[in-house]
Amino acid sequence: NESAISVVSHNVANMNTEGYSKQRVNLATRNISGAIGDNVTAQIRANGGVMIANVMRYNDSYLNNYYRDQLSILKEYEEKLGNIGDLADIFDDLEGKGISDAIANFYDAVNNLNEYPASSTARVNFIESAKTLTATLNAKSVQLDELNAKALGDGVSREALENSKIYNQFEVFNNKLEELAECNKALAVTQTGSLEANNLLDQRDMILNDIAEFVDINIDEKPNGSVDLYVGGVAMVKGAVVTGELEIKTASEYCAAQNPPINYPADWVTADGKPRENAVISIVNNSGETSQVVVSDANSIINTGALGGMLHSADLDADGMNVGVAQDKLNQITQAIADLFNTLNTREGAYHIDPDNTGVLSDANKVNIFNVDANGKTTAGTISVNEQLLTEDGCWLLACAYFENPNGDPVPPNFDEKAVGNSQNVVDMLGTRNLKLDGKDGRPDLGGMSLEEAYTGLLGKIAASGSNGQALVDTQQNVVDSVYNQIKSKKRVIAFI
């Protein structure tokens with residue numbers, strides 16, 4: 001009875017202790033061996049009395065495991081929501097400073113050029129607006145790269161990786177594995193069903209909850225209360241030994257370490273050619289004399305929890321919106337701008353004013369308006385205005401005039417002032433503002449939307465993803481709270497008995 005009272009006092013003292021499970025002393029008749037055997041009357045006469053059978057811990061293993069599963073999902077959703085929030089901040093364009101305004105101002109300059117095609121001022125204004133547009137796209141791309149690097153590093157620099165969010169998190173995760181192994185070790189030498197063992201089990205459950213915040217886990221509980229812990233089917237802790245720790249490399253480091261080495265970043269892509277994560281998590285066993293790689297690339301098995309949310313924060317094949325999807329869509333819009341205007345400025349029948357004789361049109365030395373690589377590709381991060389347009393007489397290389405020769409007759413080398421003022425090519429440039437880009441007839445493919453519609457659609461998806469993400473977090477938080485309250489009600493100390 002004194003022991004039972006002591007446990008009750010222990011319960012009361014820990015009423016507000018996080019993770020504590022209420023305990024109860026179970027009493028049993030002391031079974032005296034000997035001649036009296038199992039004769040109850042003889043036992044009573046022998047004053048065998050009462051013994052403590054065990055100290056029972058109020059706990060529900062099913063609820064605990066379910067709670068950890070739901071907690072892991074919640075942490076994944078929270079990470080994704082935070083990513084969307086940062087993304088929304090990047091695309092929350094200040095008035096006059098964002099991509100929407102840059103595109104609008106660019107087309108205003110095209111319209112002005114349409115009105116004054118032979119004016120050097122209108123031409124320079126067009127080029128300056130193009131420079132502003134490319135600079136705005138460049139800046140937005142840098143912000144997206146920085147957001148990705150904030151989570152996973154930049155894929156190349158070790159310093160950037162070590163300053164990333166996931167690097168700090170994986171170190172904490174490994175420390176929790178060590179804590180679990182130590183707890184398992186203590187449980188193995190502690191009498192099951194004792195007050196000390198129950199307190200260790202509470203400690204064990206708290207550690208498991210902490211680990212579940214990082215990634216989805218599975219456990220195999222042993223009779224003494226110790227657990228083997230698995231992530232994606234890979235043993236991370238077995239008894240008192242950590243059999244799998246996380247290591248993290250930049251994507252470049254990982255590629256260089258392969259046999260044979262992988263060409264980064266060209267070959268660090270998915271099956272359909274989309275870039276993979278900037279960081280690679282491996283699982284290694286450091287319990288022996290030498291470190292052994294258990295899973296070289298564990299990214300595919302870490303999909304939930306805070307680590308999963310961070311690790312796949314830029315996946316292009318992810319459901320919904322993230323920094324990678326936003327960057328990809330912005331690159332598509334950028335490529336469409338370059339394709340449309342470069343095609344019109346260099347197409348057959350387009351003429352520019354000869355810089356050496358501004359009274360004469362020429363179709364020689366046609367140039368792109370925007371720089372592209374040898375394959376005609378560009379991105380929001382690399383697009384720029386052709387340097388030839390930025391020279392003193394470069395503005396005259398804008399092809400404003402367009403003439404068709406249905407009979408195949410050569411166009412005369414000289415034109416009168418009316419011909420110089422022909423701005424049909426600029427009219428066609430201006431027409432790209434409302435052109436539905438569906439990939440047909442050589443046009444870029446933006447899903448049947450115009451340039452401005454595609455960008456507005458991107459902003460809408462980011463906003464919708466934020467709202468949907470918040471709803472997911474709120475719903476999942478309610479699930480986690482509900483399960484937690486059920487667990488807590490089973491553990492709660494109700495009375496002093």
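Predicted model: local features only at pLDDT ≥ 70, side-chain atom pairs only at ≥ 80, totals over all residues.
Local features need pLDDT of at least 70 and side-chain atom pairs count only at pLDDT 80 or more, while totals for chains, interfaces and linings use all residues. Residues are numbered from 1 along each chain as its sequence is written, and side-chain values use heavy atoms, without hydrogens and water.

The chain contains 14 helices and 14 strands; these are DSSP runs numbered from the N terminus, with helices (H or I) of at least four residues and strands (E) of at least two. Of its 497 residues, 43% are buried, where buried means under 20% relative accessible area, exposed over 50%, and partly exposed in between (1.4 Å probe, protein chains only). The chain exposes about 24700 Å², with carbon and sulfur atoms supplying 48% of that area, as computed by the Shrake-Rupley method with a 1.4 Å probe. Among contacts (heavy atoms within 4.5 Å) with a separation of 6 or more, 66% join residues 24 or more positions apart.

Two packed helices are described by the angle between their axes and the distance between the axes. Axes are lines fitted to C-alpha atoms, for helices over the stretch in contact, and angles run from 0 to 180 degrees between N-to-C directions. The axes of α7 (residues 165-188) and α8 (residues 195-212) come within 10 Å and cross at roughly 160°. The two helices are therefore roughly antiparallel, a term for angles over 145 degrees. Their crossing is left-handed, that is, the near helix is turned anticlockwise from the far one by less than a right angle, whereas clockwise would be right-handed. Residues of α7 including Phe-173, Leu-177 and Leu-180 meet residues of α8 including Leu-200, Arg-204 and Ile-207. This contact comprises 12 nonpolar, one polar and four charged residues; Ala, Val, Leu, Ile, Met, Phe, Trp, Tyr, Cys and Pro count as nonpolar, Asp, Glu, Lys and Arg as charged, and the others, Gly among them, as polar.

A second pair is formed by α3 (residues 61-90) and α5 (residues 120-152), whose axes come within 10 Å and cross at roughly 160°. That angle makes α3 roughly antiparallel to α5, and the crossing is right-handed. Asn-83, Asp-86, Leu-87 and Ile-90 of α3 meet Lys-140, Gln-143, Leu-144, Leu-147 and Lys-150 of α5. By class, there are four nonpolar, two polar and three charged residues in this contact.

Helix α5 also holds Ala-122, which is buried with a relative accessible area of 2%. Beyond its neighbours within four places in sequence, Ala-122 is in contact with Asn-112, Leu-113 and Tyr-116. Ala-122 and Cys-395 are 273 residues apart in sequence, yet 9.1 Å apart in space, C-alpha to C-alpha.

Technical notes: Parallel < 35°, antiparallel > 145°, perpendicular 65-115°, else oblique.
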